[in-house]
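Student: I've got a structure to go through. Can you walk me through a few parts of it?

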Amino acid sequence: MKEIINCAAYSQGNRIADVELNNVHEALKETNQFVWIGLHEPSETVLRRVQQEFGLHDLAVEDAHMPHQRSKIEMYGNSLFVVLRTGQINLEHHIDFGETHFFVGTNFIVTVRHGSSVSYTDVRLRCENTPHLLSKGQGFALYALMDFIVDKYFPVAQELEQQLEAIEDKIFKEKPTRETTEQIYMLKRELLEVKRAVSPLIDICNRLMRLEISCISTEMRPYFRDVYDNVVRINEILDSTRELLNAALEANFSLISISQNDVSKKFAGWAAIIAVPTMVTGFYGMNFKFMPEAEWEFGFYAVIIFTISACTLLYYIFRKSGWL
Amino acid sequence: MKEIINCAAYSQGNRIADVELNNVHEALKETNQFVWIGLHEPSETVLRRVQQEFGLHDLAVEDAHMPHQRSKIEMYGNSLFVVLRTGQINLEHHIDFGETHFFVGTNFIVTVRHGSSVSYTDVRLRCENTPHLLSKGQGFALYALMDFIVDKYFPVAQELEQQLEAIEDKIFKEKPTRETTEQIYMLKRELLEVKRAVSPLIDICNRLMRLEISCISTEMRPYFRDVYDNVVRINEILDSTRELLNAALEANFSLISISQNDVSKKFAGWAAIIAVPTMVTGFYGMNFKFMPEAEWEFGFYAVIIFTISACTLLYYIFRKSGWL
Amino acid sequence: MKEIINCAAYSQGNRIADVELNNVHEALKETNQFVWIGLHEPSETVLRRVQQEFGLHDLAVEDAHMPHQRSKIEMYGNSLFVVLRTGQINLEHHIDFGETHFFVGTNFIVTVRHGSSVSYTDVRLRCENTPHLLSKGQGFALYALMDFIVDKYFPVAQELEQQLEAIEDKIFKEKPTRETTEQIYMLKRELLEVKRAVSPLIDICNRLMRLEISCISTEMRPYFRDVYDNVVRINEILDSTRELLNAALEANFSLISISQNDVSKKFAGWAAIIAVPTMVTGFYGMNFKFMPEAEWEFGFYAVIIFTISACTLLYYIFRKSGWL
Amino acid sequence: MKEIINCAAYSQGNRIADVELNNVHEALKETNQFVWIGLHEPSETVLRRVQQEFGLHDLAVEDAHMPHQRSKIEMYGNSLFVVLRTGQINLEHHIDFGETHFFVGTNFIVTVRHGSSVSYTDVRLRCENTPHLLSKGQGFALYALMDFIVDKYFPVAQELEQQLEAIEDKIFKEKPTRETTEQIYMLKRELLEVKRAVSPLIDICNRLMRLEISCISTEMRPYFRDVYDNVVRINEILDSTRELLNAALEANFSLISISQNDVSKKFAGWAAIIAVPTMVTGFYGMNFKFMPEAEWEFGFYAVIIFTISACTLLYYIFRKSGWL
Amino acid sequence: MKEIINCAAYSQGNRIADVELNNVHEALKETNQFVWIGLHEPSETVLRRVQQEFGLHDLAVEDAHMPHQRSKIEMYGNSLFVVLRTGQINLEHHIDFGETHFFVGTNFIVTVRHGSSVSYTDVRLRCENTPHLLSKGQGFALYALMDFIVDKYFPVAQELEQQLEAIEDKIFKEKPTRETTEQIYMLKRELLEVKRAVSPLIDICNRLMRLEISCISTEMRPYFRDVYDNVVRINEILDSTRELLNAALEANFSLISISQNDVSKKFAGWAAIIAVPTMVTGFYGMNFKFMPEAEWEFGFYAVIIFTISACTLLYYIFRKSGWL
C-alpha cells in the first residue's frame, strides 16, 4: 500500500488540483485555498518532508511516528495536532483498534492513519459532493473525518450491548458455568478498552467547540457540538453497559449460590429416601430370636413393598416442597 | 394521524388565529405575537417547509428527523433547539419512551413529537385558559410543555419504587428464588434506562434558568427553576432506588446463604436422627453367640421402642437449638 | 388546631404588638420593625391573604400548599423562599419527617409548618428573651428556626448510629439470622431517607452565608456558617454510618459463610464418629463361619466398649482441632 | 490541673514577659509584640475574661466551650478561629482523640486544649529556641502548633497500617475465623474515625496558604504549605489503607469459601474411604446359603486385610489429587 | 559512591566548564549560562553549601534531606522545588521506589537522588548531544529528567498488567487456590503503591505547563505537555488494571463457588452410587426365613453382578448430566 493516499488542493469547496508533496509550499501560497493530504503509515522521510512543507512542531511529528498513543488534542502555535483512536467491529465480531493523527493549520489538513483503521477516501468523496459545506475550509474536513470515526463506535457499543444480552440469557435461562463467568470478565476487559479509547474524545470535542482556534472557523462549532453529542451518547451506552455488567456478575454469583442450594436440597432429599430401606433392612437384620413376621412366608416381599411405598411417598412429599 | 396537529398564532396570551403552515412567515411579521406549531412524526417535506419558514439550522433539522437521541439543549444563533426524552407508564406497568423536539425562536415555538409520547393538546388548552401567563410568550409555552413532560416521570419513578418494594417483600418474606434475582437485575436495567433519560434534564433546566437566552424572557426563570426542582427530585428518587437495589441484591445474596445454611443444618439434623436406628440395628445385627436380650421374647420390640424414643428425643433437642 | 399560631410585630428586638393578618400591611409601613407570622397547615384562603399582604410570588405560594417537597432555597425578587424538611425521633424510636416553609422579605418572616414538625413557639420565646440578638431583624429569626430544625437532626443521626451498634452486636456476638440482614437493609433505607432530607441543607446554608441577600443583614453570616457547620457534621455522621453499614453487610455475609463452614465441620465430625460403630458392627455382622471372639461370652460387650472408646477418642481429637 | 498553662508576651521572637490574664489589654497596646496564651479546659469565667480582653466573637467562644466539634477554620472580622481535632496513639495502641481551639488576632494567639491532647509546652519551648523564626509573629506559633498536631497523626496512620498487616498475616497464613472478620470491621471503624478527623485539615491548610488573612504574614505561606503536604500524605496513607482493607475483606471472604471447599472435599474423601468397609461387610452380611470363602477359616481376616488395603489405596489417591 | 556526581556550567547548550561546588557563585554571575549539579544522597554539609550558593529556602532544603516524601511541586520566590518519586522494575521483577528532588532557579538546576533511583548521567549525555535543545536552558534539563523518570514507569505498569494476565490465566484455566487470592491481593497492594507514586505527577505536569514560572521559558510548555500525556497514559493503564483486578477478585470468587458446586455434585453422585450396594445387601441381610434365591447356589454372584450393573448405569447417567 502506498504511503501517500491522496494530496489535493481545494478552493471554495471544490477540488482544484492534485498536488505533489514536494510542491505543497507552492499551493500554500494561495490564500483562499487549502491542501488536504492523506497518509498511511508513512516512512520517516515522508513525515520529515511534510514537517518541512508545513512547519510542524518536532514533538507532534515524533508522536505521529508511533501509534498506540492516547487520543488527544494539542495546540502548537497556530496549528492543531489531534490524535484519535479508531475502533471498528471486524468480521469475527472482535474490535480492531487503530489510530489517526491530524495536523490542521491555517490552510492545510494532514491525516496520518496507523493500524487497522478504515480508509477515508469515502469521506473525502462525500465532502467533495457537498462543496457548499467543504467551502467552510479544512475545519469541515476535520469535522467530517471525526464524525466518521465516532460513528464507527456506535456498532462497537452495540456489539458490546448484544454480548451483554447474550450473557444475560445465559445467566437467567441456563445453568451457571465457568464459561459465563469468564465471558463476563472478558466483556468487561473489552469494554474498558473501548472506554479508554472513547472517553478522551469528550474533552477533545469540548475544546474544539469552545476554544478560540485560529485555524478553524467559528462557524464549525455547531458541527463539533454534534460530534460531541454522539461521543457522549456512546459513552453513556458504555457506562450503563458497564454498570449492568457489574450487576450481571453479582446476579450470576447469586444464581450460583441458589444452584448450590438446589444441589444440596436434592442431595438431602435423595439421602432421606435412601435412608428408608437402610433403616428397615437394619431392623430385620437384627439377630433376635423372636421377630414378627420373620417366619412369615411373604415377610420378605411385604417389607420390600412397604419400603418402596414409603420411598415413593417421601419422593412426592419432597417433590411438592421443592426439594427434588 | 396527521402530521400537523396544531398551528396557531397567539397575541397577549390569546389565540388569535389558526395559521396555514405556508403562511407562517406572514404571521411572523407581526411583532407582538408568536406562532405555536405542533407536529407529530412529520415527513421530510413538512420539516423542510418549517425550516424555511423559520430559518432553522441544518443540523437541528437533521436531528429532528431521527428520534432515539439524547436529551439536549443547543443554541443556533438566536434560536434554541431542545430535545427531551419522554417517559410514561403504560397500562401493562411498563415504561414507554418517546421524544419531543422543540424549536424556539423570537416569535415562535415548534414541537415535534416522536414515538409514544402523549399529545400536548391538553397543555395547549390549559395555556389558553391562563392568558395572563401565556402572555409571557413562547417561553411560557416551552415551560408548560417541559413541566408536563417532567411531571410524567413522577409516576415512572414511583412505579420503580413500588417494584423495589415488591422485591423487598419477596426477599424478606419469601424464599430466595432465581426469579427474585432476575427481577432485581431487570429492575436495575429499567432504572438505568430511566436515569439515562432523566439525568441530562438537570443540565438543560440549569441552562434555561441561568443563561441569557434572547428568545425567552428572564421573567420565565423562576418557572424553569421550578421544573429544575422537579427533575432534581425525580433524580434523587432514582438514585436512592438504585442504591437500595444494590443493597437488596446483596441482602438477597446473604439470605440465599443463610437459606443454604438452613438446608445444611436440616440435613445434618435428620442425618443424625437416622443414624440412631442404623447404629442400634448394627449392634444387634452382629453375629455373636452371646448377646443380651437376643433370646428375650420382647427384645425386638424393646429395641424398636428404644430407637423411636431416642430419635424423638434427638428431634426435640435439634428443634430447640434451631437445627430443624 | 388553628392555622395562625402567632402573628406579631417586632421593633429593635422587642415584640411590640400582636397584629391581625388583615392589618399586616399597616405594620409593614413602619420601616424599623418586622412582622413574624407562624402558620400551621394553612387553608388556601389564609395563604392567599398572606400572599396579598406581602406580595409573594405565585410559584412560591403554590409550593407552600403542598408538603413533600425537597429542601430548597429560592430568590423571588427581593424576597426569599426556603423549604426545609424537618426530622425528629418519636417515642417509638422512629423518624417523623415534616416540612417547614419560610417566606422572608425586607421586613417580614412567615413560617408555614406541614406534617409532624415541632411547634416553633419555644424558638420564638427564646428569641424574645435575647432582644439584642433579635434586633438583627428577621434574618435572626430565620437563623434561630433553622438552627432549631438542624439541631433536631442530631438525635436522629445518633439514633441511626445506635441502631448500627445494636446490629454490630448482633453480627459479632450472636448467630447470623435473616432478621439481622433485614435490619441492616431497613437501616440503610432509613439512612438514605434522612440523608436525602439533610444533604440539600448544605447548599442552602452555603448560599445563605455567601450570597448577597438584601433581606438578611451581612452581620448574620457567621450565624448561618454555624448552622452550616452543624449540617456538615450531621452529614459526616450519616456518611460514615452508611459506609460502616455497607461493611457490616459484608461482614455479616462473611460470618454467615463461616457459620456455614462450622455447620459443615460439625456435621462431618459427627458423621465420622457415627461411622465407627457402623464399620465395627458391619464387620461382626458378616456371615463367616470362623470369626474371632464371635463365640466369646463377652465379645458383644467388648465390641461395644471398644466402639465407645474409639468414638470418645475421635470426639476429643475433633474437639481439639476445632471441628466440633 | 490549672486552666491557664502559660501566658506570655513576645517581641521579635523573644519572650519578654509573663502576663496576667487581666492585664493582657496592656500588653496588646504595644504594636511590635504579641501575646501567646495557653489554656486547658478553661472555666466559663476564664473564657469570658479572654473574650473581653481580645474582643472575640460570641459564636467562636460558645464553640470553644464544647469539645467534640469538627475541625474547621473561621474568620470573624480580623481574627481567626481554628478548631483542630487531635489524635495520638496511647500505650494500649488505641487512638485518643482530643481537640484544640485557636484564636489568632493581629497581636495574639490563644490556644484552648480539650480532652486527651498532649501539652504544647514543648512546642512553645522549641519556638522560643528559634527566635529568628518566632519573630514572624503569632502566625509562626500557629504553624508550629499545627505542625505538631499533624505530626502526631503519622504514628496513628502507621498504627492502622500495622494492624492491617497483622490482619493480612492472619488472613493469608492462618485459618479464617470470626475474629478476623470482626477485626477487619473494627479497623475500618477506627480508620473512618481518623479519616473524619484528618480530612477537614486539608481544606484548613489550603485556606491558610491561599487566603489573604490579615493577622498572618504572607511569609508564613510556605510553612502552611508544608503542613498541607503532611496532611495530604496522611490522607493518602489512610485512603490506601481503606482500599486495601476493603480488598482484605473480600479476600478473607474468598478464603472462607475456599476453606469451605476444603472441608467439603475432606469430608467427601473420608466418606468415600469409609464407604469401602460398609460395602464389603454388607456383601458378606447377606444371608445366602452359598457364599465364597464364608466357610473358609481365614475369610474374616482376608476381608479385613482387603478392606484395609482398599482404604489405604483410596487414601493415597485422594491425597495426591488434593482432596485430603 | 561520591556525593557530587556532576557539576558543570552550560552556555547556549554546550558544556563549557566543570565547576567546583564552592565556586558556583562565580559561575552564576554570568547571565547567559546555567549550572547543572547532580547530587546523590548528599551529606548535610554539602546540602548547606548548595543552599548558600543558590539561596534556597530552609523548608525545601529540609525536605531534600529526607526521602520518603510525596511527589510535589513548590514555588519558593523565584525558584522551584520539585520532588519526584521514581519507580523501576528490578531484576527480580519487583518494583524499587526512589526519589529525586530538583531545585530549579533562574540559572541553575540541582538534582538530589535518594534511594534506588537510576543515575542521570545518561540523560545529561543525551542533553549534551542535542545542544539546540539544551540551549533552552535549565527548563529543558528538568524536562529531560522528568521524561526519563516518567518513562521508567511504563515498564512498571506493563509488569503489573502482565501479572494481572498471569492471574487471569490461573483463575480461568486452573483450579481456584489460596495462592491466587493472595496474589490478587498482593498485586492490588503493589498497584496502589505505584498509583500513589504516579498520580501526583499529573498535577505537577499540569502546573508546569500552565503556570507562569519565571525560571522556565514558556517555550518549554509543549514539552511538559508531552510528559503530562505520558503520565496520563500510565495512570489510565493503572486505573483499568485496578478495575480489572477488582473484577478478577469477584470472578475468582464466583469460580470458587462453582467449584464448590462441582465438589457437592460429585460427592452427591458418588454417594448415590455407593447407596446401591448398601441397599441391596441390606435387603439380603434381613433374617427372614423365606427369601427368594437365598438358597440358590449362584444367588451371591447374581446379586454382585446386579449391583455392579446398577452402579455402572448410575455412573453413566450422572456422567451425562454433568454431576460426575
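This is a predicted model: local features need pLDDT of at least 70, side-chain atom pairs count only at pLDDT 80 or more; totals for chains, interfaces and linings use all residues.

Student: Start with helix α4 of chain A. Which of its residues are buried?

Tutor: A:V123, A:R124, A:C127 and A:E128 are buried in that helix, which covers residues 121-128. Seen down the axis of α4(A), these buried residues fall within an arc of 135°, so they line one face of the helix.

Student: And what covers the buried residues of α4(A)?

Tutor: The cover includes strands β1 (4-11), β2 (14-18) and β3 (33-40), along with helices α5 (131-134) and α6 (138-151), of chain A.

Student: Switching topic. What volume does the second largest pocket have?

Tutor: About 1,500 Å³. It is lined by 45 residues, and the closest of them to its centre are A:N246, A:E250, D:E250, E:N246 and E:E250.

Student: Which element gives the most to that lining?

Tutor: α9(E) does, with 12 residues. Among the other elements that supply at least two residues each are α8 (178-210) of chain A and α9 (221-284) of chains B, C and D.

Student: How does the lining split by class?

Tutor: The lining of the second largest pocket has 21 charged, 16 nonpolar and 8 polar residues.

Student: Last one, chains D and E. How much area do they bury between them?

Tutor: About 4,800 Å², with 62% of it on carbon and sulfur atoms. D:F172, D:N287 and D:F288 supply 13% of the area that chain D buries against chain E, more than any other three residues.

Student: How many residues does the contact take from each chain?

Tutor: It takes 49 residues from chain D and 50 from chain E.

Methods: Residues are numbered from 1 along each chain as its sequence is written. Chains are lettered from A and ligands numbered from 1 in the order in which they are written. Side-chain values use heavy atoms; hydrogens and water are left out. Buried means under 20% relative accessible area, exposed over 50%, partly exposed in between (1.4 Å probe, protein chains only). Helices (H or I, at least four residues) and strands (E, at least two) are DSSP runs, numbered from the N terminus. The arc is that of the directions from the helix axis to the C-beta atoms. Contact means heavy atoms within 4.5 Å. On a 1 Å grid over the protein atoms alone, a cavity is a set of points where a 1.4 Å probe fits but cannot get out, and a pocket is an open set with protein on both sides within 12 Å along at least five of seven lines; lining residues have an atom within 4 Å of a point. Grid points are joined across faces, edges and corners, and a volume is the space filled by probe spheres set on the points. Ala, Val, Leu, Ile, Met, Phe, Trp, Tyr, Cys and Pro count as nonpolar, Asp, Glu, Lys and Arg as charged, and the others, Gly among them, as polar. Buried area is the accessible area (1.4 Å probe) that two parts lose on being put together, summed over both.
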